[in-house]
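Here is a brief report on the structure shown below. It takes the sheet, the helices packed on it, the chain contacts and the confidence scores in turn.

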Amino acid sequence: MIQVQNLRKEFGSKVAVDGVSFAVEKGEVLGFLGPNGAGKSTTMRMVTGYFRPTAGSISVGGVDMLENPEQAKQSIGYLPENAPLYSDMTVASFLAFTAELRGLSGVAKSKALDRVLELCFLENVRNQSVDTLSKGYRHRTCFAQSIIHDPDVLILDEPTDGLDPNQKHEVRSMIRRMGENKAIIFSTHILEEVEAACSRAIIIDRGKVVADGTPDELKQRGPTAGSVLVGLSKAAGAKAEVEKVKGVSRSEIVKESGDQLVLRAFASNGTKRSDLARELAQLAQSKSWVLEELHQEEGKLDEVFRSITRSEVEAPAAA
Amino acid sequence: MTKRDLHNTLAVFKREFLAYFNSPVLYVIVVIFLLASQGFAFFFGQFLDTNNASLTQPFFFWHPWIYVVLAPAVGMRLWSEEHRLGTIELLMTMPLSPWSAIVGKFLAAAVVWLIGLALTFPIVMTVNFLGEPDSGPIITGYLASYLYALGCLAVTSAASAYTRSQVVCFILSVALCLVFTLIGYPGIIDVAVRAMPSSMEWVVRFISYLSFMDHFFEMSKGILVIRDVVYFLSMIVVALVVTSLGLRAKRA
C-alpha cells in the first residue's frame, strides 16, 4: 500500500531525512522508532503529502503522491503530532467538516460521523466545543477525523502521546484491531507499544533507517539477546566451569555477594537458548551448586534502541 | 474547476464563515466599522452641512482609511490561525487543492464584509429621505468601496500565509494596505512629481496607477469603468497567488 523510495528532505543545509526507504502492506502495522529529532515526523509529513521531499518517491495505494497528490491523499487518514483541532468548533461540526473534505455528504456523512463517534467514545462530548475538551478527548477527536472515511492507509504521529495509561491501552488495541485490514504507520517513543501493536518496526536515527524488522527480530540484535542468566549459591569457581560447557562462548559475572553469584552465559552461534539453559541446569546439579535462578534472555527492545541510536551519537560526527 | 473542487471550496467557506460568527472579534469590528463610517460622514464629511444629496464626498471618501485598519482585523485570522493551531497540517493533507482552501477562506471574509457594508443602509435611506440623490454614484460608490475592502482583505490573506502570529499579520497588512492607499493619494503624487525630474514623471504615474486609491476615486465619483473593476479583481488574484506561494513556502 505504501512504497517509499530513497526519501530525502533538506531544510536549508540541514538534512532531516536521508535516503529512507520502506514499504507497508495491507494488514501490517509498522512502528516508527527513533530519538527526538531523528526525522520520524518529517518522514510522515512527506508520506502524507504535507512536506514536499527534496528527492525520492512516495506511492500510496499505487498512486504517486508527488504527481497526483489529491488522489493519493484520498486513501490516507492522518493524525498529526499534537492532534491539532479548530478550537472554535464542536466535536460533531469538526468531524462533519473533515467528512465533507473527504467527499462524504448526506446520509453517508452522518453515518460516518456516528460510526467514529462511537468507535472513539466521543458520543457524550458530541456537541461540546473543542476548546473545553481534555487532552484525551482532543486526541480522540483528531483520531476520529483520521478514520472518518475508513481509509486503507493510516498514518499516526505519536497517537498515544499525552494519554493516560487506560487511554493508551485503548488506542493501542484500536490500532491493532484496525491493522488487520489496513496499512498503518505509527511513530512512538514508547518501546512497549511497539511490542504491543506492531507487526514490524523501523528504527530511524539522524534521518536514516538503522534497523528494520519484526519486534522479535529487533530484540535479537540486543547485546544480551540469546544469553542465559544463572543465579547460583555455594558455587566456587563457577565461572570457569560454566565457560567449559558446550555452546557457551563466554560468560560474565552480573552480581556477586557473599556466596551468591549471578552469571550471564552467552550462547555461541547456532546454540539455542533453551539447550543452553538445560546444559547449565545439569552442570549445577552435577556440581551440587544451589540453582536459584535460570532465565533465558529474549533481549530488550530498549537495549537494542539504545545500542543502535546511542553508538552513532557517541561516534565522532562524520558528515 | 471540477465539481469536487466546488464542494471542497464550499466546505471550507462554510467552516470559515461560521468561525467568524463564533468569535466576538467580528461583532466588534462590524460595530466599529458602522460607527466609523457613519461618524466620519456626519462629523468630518459634513454630510448634512453641504446640503448636497450625495454620498461620494461625505461617506465613501473615508472608506479606504477605515479599511486600511479594519480589513486586516477581519482577515488576519485566515491563515495565521491555521499555522498557530497546526490545523494547516490537517487541511493540507486532505484531498483538496490548496486553491479550494484559499478561495473558500477568502470568500468567507468577503461575504462577512458584504454583510458589514450592507448594514450601512441607514445612510442611504437618510440621503433619500432628505433629498433626491442620483442613485448611479451611490451604486458605483458601494461597488468601489466593496472592491477596496476586498483588495485589502486579499492583501491580508497574503500576509497571513507567511506568519503564525495574528499580531504580526495585522501590522504587516495595515502597512501594506496603507502603502497601496498612499501611493495613489493626490497630495502625495503631486509632491513626488515635483521632487522627481520631469523625465521620470511616468514612473510616479505608473506607481500611482497601481494604487487602490487611484481606481477607487474614479469609481466613487460615479464613473463605472470596467478597467477599474478589472484592476481590483486582478489585484485580488495576484494577492491570492502570493498567498498560495506563502503556503507552499511554509510547507517546503
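## The sheet in chain A

In this predicted model, six strands of chain A make an open sheet with mixed pairing. Their order is β6-β7-β8-β3-β9-β10. The edges belong to β6 (76-79) and β10 (208-213) of chain A. Each has a single partner strand, so one side of each is left without a neighbour in the sheet. On average, neighbouring strands are turned by 15° against each other, direction ignored.

Strands β7 (residues 153-157) and β8 (residues 183-187) of chain A run parallel. Five bridges join them. A:L154 of the model stands opposite A:I184, which lies in β8(A).

## Helices on the sheet

Helix α1 (residues 40-47) of chain A packs on this sheet. It touches β3 (29-33), β7, β8 and β9 (200-205) of chain A. The direction of α1 makes about 150° with that of β7(A).

Helix α6 (residues 165-178) of chain A also packs on the sheet. Its contacts are with β3, β7 and β8 of chain A. Here the angle of about 150° is to the direction of β8(A).

## Where the chains meet

Chain B puts 20 residues in contact with 20 residues of chain A. On the chain B side, α1 (3-22) and α5 (87-92) of chain B each give two or more residues. The largest share, six residues, comes from α1(B). By type, this side of chain B divides into nine nonpolar, seven polar and four charged residues.

## Confidence

The model scores ipTM 0.87 and pTM 0.86. Chain B has a mean pLDDT of 88. In chain B, 96% of residues reach 70 or more. Where pLDDT is low, the predicted coordinates should not be read in detail.

Technical notes:
Residues are numbered from 1 along each chain as its sequence is written. Chains are lettered from A and ligands numbered from 1 in the order in which they are written. This is a predicted model: local features need pLDDT of at least 70, side-chain atom pairs count only at pLDDT 80 or more; totals for chains, interfaces and linings use all residues. pLDDT is the predictor's confidence in each residue, from 0 to 100. Two residues are in contact if their C-beta atoms, placed from the backbone, lie within 7 Å. Helices (H or I, at least four residues) and strands (E, at least two) are DSSP runs, numbered from the N terminus. Ala, Val, Leu, Ile, Met, Phe, Trp, Tyr, Cys and Pro count as nonpolar, Asp, Glu, Lys and Arg as charged, and the others, Gly among them, as polar. Two strands pair if DSSP finds at least two bridges between them. Axes are lines fitted to C-alpha atoms, for helices over the stretch in contact, and angles run from 0 to 180 degrees between N-to-C directions.
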